[in-house]
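Let us read this fold one question at a time. Keep the model in view as you go.

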Amino acid sequence: MATVDGSIKNQPAKHQEVGHKSLLQSDALYQYILETSVYPREHAAMKELREVTAKHPWNIMSTPADEGQFLNMLLKLINAKNTMEIGVYTGYSLLSTALALPEDGKILALDINRENYEIGLPIIEMAGVAHKIDFREGPALPLLDQMIQDDKFHGSFDFIFVDADKDNYLNYHKRLIDLIKVGGVIGYDNTLWNGSLVAPVDAPLRKYVRYYRDFMLELNKALAVDPRIEICQLPVGDGITICRRIS
Ligand SMILES: C[S@@+](CC[C@H](N)C(=O)[O-])C[C@H]1O[C@@H](n2cnc3c(N)ncnc32)[C@H](O)[C@@H]1O
């Protein structure tokens, strides 16, 4: 029986990529992408962090390697310098960002859990990019509210990656749209939410997948009609929506 992610019940997927959330129909094709274009090019520190994270009980939260590569490329393409990340975990997407930024680039990194960040921190330090990171422990929303009060933060970010509490994405968007510069990019992660957005109502979804699905549907609808941004939703990882602020 086919499950919502397209795999066959009782037949585990072949590859061992723990962060695998690909929506590609063929698992072999995803494996091919990883082996041909992603792993051979992966920075040694990224590889180490991916392998350390794979041993952590919440490893499913980590950004997959192909998405890390995509973020790194995107940041270089837009010449990002001042960035923000909401949802750090052990820091795979954070390291991919830090490696893409120039020496004087900055990342304001927000997470409610510092302990997990500290798993990746020694590797980030060894990679020589820790000086770009300003990690703040705590819920992101109150901090964004503080920043909104201060004009100096308005339009100050080139890139913002959102990968935390999915039920708050629309609340984040209301604030981030003022903090990102015109021409800057916000990336919302997991916007295809395990493929569950198009699953039949009676599909056997895990509880948390079902819970967050409505928030994702609502977010996608709102982004699609928001005249302040241009969007592009990509089936990379678990789906990422790239929003470019135009006004
Ligand atoms: C999917 S993980 C982030 C994965 C990360 N981008 C990576 O590449 O490994 C989500 C993270 O969001 C954090 N988080 C959850 N609620 C949050 C909140 N209200 N504010 C900030 N971070 C939050 C969690 O502690 C968790 O580390």
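Predicted model: local features only at pLDDT ≥ 70, side-chain atom pairs only at ≥ 80, totals over all residues.

Q: Which handedness does the β-α-β unit of β4, helix α7 and β5 have?
A: Find helix α7 at residues 169-179. Together with β4 and β5 it makes a β-α-β unit, and that unit is right-handed.

Q: How many bridges join strand β1 to β4?
A: Look at β1, residues 82-86. Its residue Ile86 has Val162 as bridge partner in β4. The two strands run parallel, and the bridges that join them number four.

Q: What is the bridge partner of Ile86 in β2?
A: Strand β1 also pairs with β2, in the parallel sense over five bridges. Ile86 takes part here too: in β2, its bridge partner is Leu110.

Q: What is the order of the strands in the open sheet?
A: The sheet has seven strands, with mixed pairing. Its edge strands are β3 (133-137) and β6 (229-234), and each pairs on one side only. From one strand to the next, the twist averages 15°. Read across, the order is β3-β2-β1-β4-β5-β7-β6.

Q: How many residues of strand β4 are buried?
A: A residue counts as buried if 20 or more other C-beta atoms lie within 10 Å of its own. Strand β4 covers residues 157-162 and is mostly covered. Its buried residues number six of six.

Q: Which residues of α4 are buried?
A: α4 is mostly covered, with nine of its nine residues buried. They are Tyr92, Ser93, Leu94, Leu95, Ser96, Thr97, Ala98, Leu99 and Ala100.

Q: Which residues come nearest to the ligand?
A: There are 20 residues around the ligand. α4 (92-100) and β2 (106-111) each supply at least two residues of this shell. Those that come nearest are Thr63, Gly87, Tyr89, Ser93 and Ala164.

Q: How many residues of the shell around the ligand are nonpolar, polar and charged?
A: Tyr counts as nonpolar, while Gly is among the polar residues. Sorted in this way, the shell around the ligand divides into 10 nonpolar, seven polar and three charged.

Key
Residues numbered from 1 in each chain as written. Near = placed C-beta within 6 Å. Buried ≥ 20, exposed ≤ 12 C-beta atoms within 10 Å, placed from the backbone. Pairing = 2+ DSSP bridges. Right-handed = clockwise from strand over helix to strand, strands pointing away. Axes fitted to C-alpha atoms, helices over the stretch in contact; angles between N-to-C directions.
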